[in-house]
Amino acid sequence: MADSTELRQTLAAVRAELTAIPRLDAKALEAAEVRLLGRKQGALTEIMKRLPGLESEEKRAIGSEANTLKQELEAVFAARHAALDAEALSEGARGLDLTMPGRSRVRGGVHPVTRVVEEIVSIFHGLGFARATGPEAETEWYNFGALNFPPDHPAMDMHDTLYLDVPDRRTKEERRRNRTSGISAPHERRDLLDRRDREEGRWLMRTHTSPVQIRVMLTEPPPLRVVIPGWAYRKDTFDASHAPVFAQIEGLAVDEGISFVDLKATLSHFAREFFGSKTVVRFRPSFFPFTEPSAEMDVTCGVCGGTGCPACKGTGWMEILGAGMVHPTVLVNCGLDPERYTGFAFGMGPGRIAMNRYGITDIRLLYESDMRFLQQFTG
Ligand code: DAH
């Protein structure tokens with residue numbers, strides 16, 4: 001039979017510890033909790049284990065006292081835990097200086113070339129032109145052949161063009177037949193539209209955005225009105241006026257009855273929208289294999305207003321784009337009937353336009369990503 005006196009003594013001893021708990025530190029608190037309330041060998045657990053050996057009267061009395069004590073202990077332990085947690089929190093906050101200035105954020109901005117591209121695209125958008133894009137790695141057929149470049153055109157020289165090391169899987173005969181292009185007779189059109197002919201030549205980084213004209217005409221029926229912003233690549237040394245990678249915007253309109261008047265009206269409207277209503281434009285005859293007739297368009301120099309300055313080399317004019325009526329052979333190469341459809345195309349360099357607008361004299365500044373330069377355009 002268990003000794004009730006001994007159990008009562010243990011109960012009293014545990015109760016005596018109650019008052020010390022609110023002063024224990026975290027470590028001592030944990031130890032006391034295990035010692036008094038531990039489920040395996042805690043003092044109260046020991047008492048509970050021995051209850052069954054008592055007489056029923058004693059069992060009830062001691063059992064109920066033990067339960068009350070257990071609840072009191074749990075409450076005091078919980079209160080001490082909460083107090084210690086709160087103390088730790090305010091301790092951590094002590095090193096916090098709320099008066100310190102916040103870390104400033106770097107404010108990003110749109111790159112000046114991107115800004116010019118978006119503005120130009122949006123002016124043409126207002127005229128009903130949609131945006132189109134195409135791949136930067138092309139085959140010779142898209143970049144030159146379909147655009148009516150003769151097979152020995154100097155632009156195709158290794159010195160001018162960045163060729164890619166992709167094996168040419170065409171047979172000798174295929175290579176001879178479709179050396180580069182320049183295939184113009186309508187009866188040969190099927191050959192040109194053959195996927196293997198188009199996609200199995202020498203590969204290169206496109207030297208202009210004009211190949212996307214071909215891709216658009218091959219995939220969509222007229223009426224077509226698109227502007228095509230993108231990057232073009234040439235084997236140029238990076239100097240004040242040349243970049244081996246540069247931005248271009250191509251334009252193309254193909255429909256029934258499009259004439260040179262539409263070309264002039266569209267591009268003049270664009271120039272006045274972009275450079276200001278007083279801008280004067282002039283067209284000079286030019287040559288491109290993919291347009292006939294071809295022209296270059298100049299606008300009054302944005303730096304001097306037409307009086308002549310170093311930026312325009314004293315001419316008062318700034319050349320901003322090449323343009324022309326889409327060559328009938330190009331239409332044929334894309335499966336379009338030149339008797340039914342005509343069109344105009346143009347290509348311009350937004351990098352050059354940005355330089356003129358912001359008075360930048362070295363093209364490298366646009367592509368070096370120097371934050372001190374670019375931050376001037378974050379507004
Ligand atoms: N592709 C020409 C170049 O890179 C620019 C150009 C000229 C594009 C006349 C055209 C065009 O669409 O009609 O120099």
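**Entry 1: the model.** I am working with a predicted model, so I keep to computed values.

**Entry 2: who surrounds the ligand.** I looked up the neighbours and found 15 residues around the ligand. The closest are H208, S210, R234, Q248 and E250. Sorted by class, I get five nonpolar, eight polar and two charged residues in the shell.

Entry 3: E250 places a side-chain N or O atom 2.6 Å from a ligand oxygen. With F346 the backbone is involved: one of its polar backbone atoms is 3.2 Å from an oxygen atom of the ligand.

**Entry 4: cover.** I then checked how much of the ligand the protein hides. On its own the ligand has 360 Å² of accessible area, and the protein covers 88% of that. I also asked which elements give two or more residues to the shell, and they are β5 (245-255), β8 (317-326) and β9 (342-348).

**Entry 5: a helix pair.** Next I turned to α2 (residues 26-37) and α3 (residues 43-50), whose axes lie 4 Å apart at an angle of about 5°. Angles under 35 degrees count as roughly parallel, so α2 is roughly parallel to α3. On the α2 side I listed R35, L36 and L37, and on the α3 side A43, L44 and T45. By class, this contact has four nonpolar residues, one polar and one charged.

Terms used: Residues are numbered from 1 along each chain as its sequence is written. This is a predicted model: local features need pLDDT of at least 70, side-chain atom pairs count only at pLDDT 80 or more; totals for chains, interfaces and linings use all residues. Side-chain values use heavy atoms; hydrogens and water are left out. A residue is near a molecule or strand if one of its heavy atoms lies within 4 Å of it. A polar contact is a pair of N or O atoms within 3.5 Å; within protein, one must be able to donate a hydrogen and the other to accept it, and residues adjacent in sequence count only if both atoms are side-chain atoms. Accessible areas come from the Shrake-Rupley method with a 1.4 Å probe; for residues, only the protein chains shown count as cover. Ala, Val, Leu, Ile, Met, Phe, Trp, Tyr, Cys and Pro count as nonpolar, Asp, Glu, Lys and Arg as charged, and the others, Gly among them, as polar. Axes are lines fitted to C-alpha atoms, for helices over the stretch in contact, and angles run from 0 to 180 degrees between N-to-C directions. Angles under 35 degrees count as roughly parallel, over 145 as roughly antiparallel, 65 to 115 as roughly perpendicular and the rest as oblique. Contact means heavy atoms within 4.5 Å.
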